[in-house]
Amino acid sequence: MNTILITGATSGFGKAIAERFSAEGWNCILTGRRKERLEILAAELSSKYNVKILPLSFDVRHREEVVQYLSSLPEEWQQIDILVNNAGLALGRENFNDAEIDDWDTMIDTNIKGLLYVSKAIIPHFIKNKKGHIINIGSTAAKDIYPGGNVYCATKHAVDAISQSQRIELLADKIKVTAIHPGAAETEFSNVRFKGNNAKADAVYEGYEPLHAEDIANVVYYCSTLPEHVCINDLVMTCTAQANSFYTHKEE
Ligand code: NDP
Ligand code: 8X3
């Protein structure tokens, strides 16, 4: 049976990816800070799809926690086939001068350092198993910079750069590295970004049909199930109404 590790599985893309892979019979290691949500999801998926789910509740920003949870995985969970580095967030959409430095720290610590810590803990298993696939969730913000996107865009550009370097440096170990860069998708992302201002969050998705978390899950599944000699390296996906970070066609 195959095993996938998904960070940020309590909501949005991570949760949908967990559902998609469980439905296909994959065992899942699911992570996130919200322990109760994680445990409810684990119980639901294991009973619905008859797969094993290991919920691990920790904060990817805390290096010691990442090491504690991922470096001492039970033997039966050490054969991981795929790591999805998905946990991440945006905080605020103010111009550089008005943005909160604490928000910058949180985004850098989560989106960049968290991804690095988790990768560093899992890659040795891939090297030992002579097989593995890292899927990093970037963003269209990894490709363009938009006003008010400053540090969020910088963190996603970093995800793009890290994905490229992982791909080069893990080539000899036969480890696939795929970066998936979605455009606007309606999840809890904007509720988090606008700090609970749900009207502002909802307005982001008015006038067009954005991506749904399941769309990203389907693409992750597609990239994961290609023949061994095929790797999607870099994939930008948006809803049909969106061209890039700047152009979205909204109906009145
Ligand atoms: P959600 O807010 O719905 O989900 C984010 C997930 O990340 C949650 O499960 C959350 O879990 C987890 N997470 C956040 N911070 C931490 C942390 N410090 N430690 C552990 N887990 C954490 O957003 P999305 O599903 O939309 O976002 C998933 C990824 O996709 C992010 O990297 C985001 O930047 C990216 N993305 C989102 C797009 C969108 O428009 N929605 C578009 C392009 C990329 P918990 O709070 O329980 O810890
Ligand atoms: C999330 C999409 O457009 O808010 O990464 O940057 S966007």
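Modeller: A residue is near a molecule if one of its heavy atoms lies within 4 Å of it. Please keep this in mind as we read the structure above, which is a predicted model.

Colleague: Which residues surround ligand 2?

Modeller: The residues around ligand 2 are S139, A141, Y146, Y152, F189 and R193.

Colleague: Which side chains have an N or O atom facing an oxygen atom of ligand 2, and at what distance?

Modeller: A pair of N or O atoms within 3.5 Å is read as a polar contact. In this model, an oxygen atom of ligand 2 lies 2.5 Å from an N or O atom in the side chain of S139. For the side chain of Y152, the corresponding distance to an oxygen atom of the ligand is 2.6 Å, and for that of R193 the value is 3.2 Å.

Colleague: How much of ligand 2 does the protein bury?

Modeller: Ligand 2 exposes 240 Å² when taken alone, and the protein buries 82% of that area. The space that ligand 2 takes is the largest pocket.

Colleague: Turning to the whole chain, how many helices and strands are there?

Modeller: The chain has eight helices and seven strands. Its radius of gyration is 17 Å, close to the 18 Å that the globule rule gives for 252 residues, and therefore the chain is as compact as a globular protein of that length.

Colleague: What box do the C-alpha atoms fill?

Modeller: Taken along the principal axes, the C-alpha atoms of the chain fill a box of roughly 50 × 40 × 35 Å.

Terms used:
Residues are numbered from 1 along each chain as its sequence is written. Chains are lettered from A and ligands numbered from 1 in the order in which they are written. This is a predicted model: local features need pLDDT of at least 70, side-chain atom pairs count only at pLDDT 80 or more; totals for chains, interfaces and linings use all residues. Side-chain values use heavy atoms; hydrogens and water are left out. A polar contact is a pair of N or O atoms within 3.5 Å; within protein, one must be able to donate a hydrogen and the other to accept it, and residues adjacent in sequence count only if both atoms are side-chain atoms. Accessible areas come from the Shrake-Rupley method with a 1.4 Å probe; for residues, only the protein chains shown count as cover. On a 1 Å grid over the protein atoms alone, a cavity is a set of points where a 1.4 Å probe fits but cannot get out, and a pocket is an open set with protein on both sides within 12 Å along at least five of seven lines; lining residues have an atom within 4 Å of a point. A molecule sits in a cavity or pocket if more than half of its atoms lie within 2 Å of its grid points. Helices (H or I, at least four residues) and strands (E, at least two) are DSSP runs, numbered from the N terminus. The radius of gyration is taken over C-alpha atoms; the globule rule is 2.2 Å times the number of residues to the power 0.38.
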